[in-house]
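Colleague: I am new to this structure and would like to learn how to read its salt bridges. Could we go through them one at a time?

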Amino acid sequence: EWPETGRLALYLLGLRATCPLPEPGPQRLLVTWLKYYLEEDWAGSRRHGQPLTSYYQYSLGVLALCVHRKRVREEVIHRLLAAEHHGRFRHTGGSAVGKGLRGQTGWWHPSASVWQPGWYCVPTDTEAVVALAFTCLERERLVGSRLVAELQAARRRVKRRMVETQDPDGFFGNVYSTPWAMQVFIATNTCRTQPAYGRAMAALLENLDAFTTAATMAQVLPVLHGRSYLDIASMHCQEELDTLTPVSAKPPAEMLGNMTLRLVVECPELWCPQHRLYNRMVSAPAGASLLDVLRAAAMQGPPNFTFVTQDTPQGPFLSRVLGMEARQQQRRYWQLLTASGTSLQMGVADYRPHDGETLILRLSEW
């Protein structure tokens, strides 16, 4: 089993943010487990020179421990410093911030070291989490004075790369990576003096409908309030209002009728004798998600349509279509596209097609 580094790190961050009752026993046990995972994560692929999961998860682990004001061994910090110095968070092409390949529930990128659904991210995510972890270690004074200068220099390099490679549309990498990057400017009190931050905020406000899952909302909400995850460490829980009271909301209006769209499955001729494996009109209820459309297609054969998803922290991940599996070992993933060739910016459970649309599932290679 893979170390649960990232999942446990996010849980501990969320737990601290909810101001739990002062019962240190269970939390202390979870922190101990996270420290154990950090060591297992690295030892599991020591010969590869990178964590068994990914630098993204590894950095999340360091950030979570810091927010809980727990020290980590200097060797753990040096691993991240060395990775940043040698550009190991970036794509082999050299770009610190890439558009990335939007999987179905997370952002996948070759910077991830293993095929593990739900934890795929463009380099922006990784570098931003690393910069936040470095800032936290410095702010909480959890490192020696000789390490502070190295952490500051690495953070400056990360911020400079983010600014230099900001997209014309204002995003740092993509819409989902942008909140992570913006948290770095907030945590370092440079958001007001950095024009790139203002452009990113404008782009974010125009695309808030992309944040539909709990995981993505948890990244964007602090930014909208001018906060970062580092603020969790300085919360005064006695003064916090109870904001977890359920609010009864009106259910969304039910859409009546059906819609019809074209579903296409493509596979490169190098891998498949037949390039187009599936091309059929599919009928589904109006307002249905892409996942619902796939389920409808599976019931409307022939030809028979089959697919497999895997549950992840951010929702279902499309892993197999018509028997063809997306495998990291073969550098393959299922890309979701519109008829114009534009990659979808949401996952299969979040994207809601419109009547008459053509959607393409393409087995692609990074």
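Modeller: This is a predicted model. Start with Arg-295, which counts as partly exposed because its relative accessibility is 43%, between the 20% and 50% cut-offs. Asp-292 is also partly exposed, at 30%.

Colleague: How are Arg-295 and Asp-292 placed in helix H10?

Modeller: They sit three residues apart within H10 (residues 290-299), about one turn of the helix.

Colleague: How many salt bridges does the whole structure hold?

Modeller: A search finds 15. One of them pairs Glu-140 with Arg-69 at 3.0 Å, N to O. Glu-140 is in the loop between H5 and H6, Arg-69 in the loop between H3 and H4, and 71 residues separate them.

Colleague: Is Glu-140 buried or exposed?

Modeller: Glu-140 is buried, at 18% relative accessible area, whereas Arg-69 is partly exposed at 44%. In H3 itself, 13 of 13 residues are buried.

Colleague: Which parts does the pair Glu-266 and Arg-362 tie together?

Modeller: The two side chains meet at 2.9 Å, N to O, in a salt bridge. Glu-266 belongs to strand S3 and Arg-362 to strand S9, so the bridge joins parts 96 residues apart in sequence. Glu-266 is buried at 5% relative accessible area; Arg-362 is partly exposed at 30%.

Colleague: Which residues form a network of salt bridges?

Modeller: Glu-39, Arg-73, Glu-75 and Arg-79 are linked in that way.

Note on methods
Residues numbered from 1 in each chain as written. Predicted model: local features only at pLDDT ≥ 70, side-chain atom pairs only at ≥ 80, totals over all residues. Heavy atoms only, no water. Buried < 20%, exposed > 50% of the residue type's maximum accessible area, 1.4 Å probe, protein only. Helix = DSSP H or I, 4+ residues; strand = E, 2+ residues; numbered from the N terminus. Salt bridge = Lys/Arg side-chain N within 4 Å of Asp/Glu carboxyl O.
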